[in-house]
Amino acid sequence: MQAVEVKKLIEAQLADTQVEVDGEGCNFQLLVISDSLAALSPVKRQQQIYALLNEQIADGSIHAVSMKFFTREAWDSRP
């Protein structure tokens, strides 16, 4: 699976969410920029993303995923 495919998969299903994906093969690092996810607990945020990737994880297309979450404001104010 390619990083661009992971990005499209998540962004297509979560409105107002931007995802920056790094990695290749079956290991990916996600930077998720979303004000709506920011309102959720850290566990609930991860559950939302894993639910979208469940099929790819089950079939082995994705093996490992790490995630960092940002609000839009926090993302825009990065150095």
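**Strands, core and rings in a predicted model**

Strands S1 and S2 pair in the antiparallel sense over 7 bridges; strands pair if DSSP finds at least two bridges between them. This is a predicted model, in which local features need pLDDT of at least 70 and side-chain atom pairs count only at pLDDT 80 or more, while totals for chains, interfaces and linings use all residues. Residues are numbered from 1 along each chain as its sequence is written, and side-chain values use heavy atoms, with hydrogens and water left out.

Reader: Which residue in S2 is the bridge partner of Glu20?

Author: Strands (E, at least two residues) and helices (H or I, at least four) are DSSP runs, numbered from the N terminus. S1 and S2 form a hairpin with 2 residues between them, and Gly25 in the turn has a positive phi of about 70°. Across this pairing, the S2 partner of Glu20 is Leu31.

Reader: Where is Asp16, and is this residue buried or exposed?

Author: Asp16 is placed in the loop between H1 and S1. Although Asp16 is not a glycine, its phi is positive, about 60°. Buried means under 20% relative accessible area, exposed over 50%, and partly exposed in between (1.4 Å probe, protein chains only). The relative accessibility of Asp16 is 69%, so the residue counts as exposed.

Reader: How many residues does the largest nonpolar core have?

Author: A nonpolar core is a set of buried Ala, Val, Leu, Ile, Met, Phe, Trp, Tyr and Cys residues joined through side-chain atoms within 4.5 Å. Those with the most contacts inside the largest core include Val6, Phe28 and Leu53, and its residue count is 16. At least two residues of this core come from each of H1 (3–13), S1 (18–24), S2 (27–33), H3 (42–58) and S3 (64–70).

Reader: Why does Leu53 count as buried?

Author: Leu53 is found in helix H3. Leaving aside neighbours within four places in sequence, Leu53 is in contact (heavy atoms within 4.5 Å) with Val6, Leu9, Ile10, Leu30, Ile62 and Val65. Leu53 counts as buried because its relative accessibility is 0%.

Reader: Why is the pair of Phe70 and Trp75 edge-to-face?

Author: Rings of Phe, Tyr and Trp (its six-membered ring) pair if their centres lie within 6.5 Å; planes under 30 degrees apart count as stacked, over 60 as edge-to-face and the rest as tilted. The structure holds 1 aromatic pair. The centres of Phe70 and Trp75 are 5.2 Å apart, and the pair is edge-to-face because the planes are at 70°.
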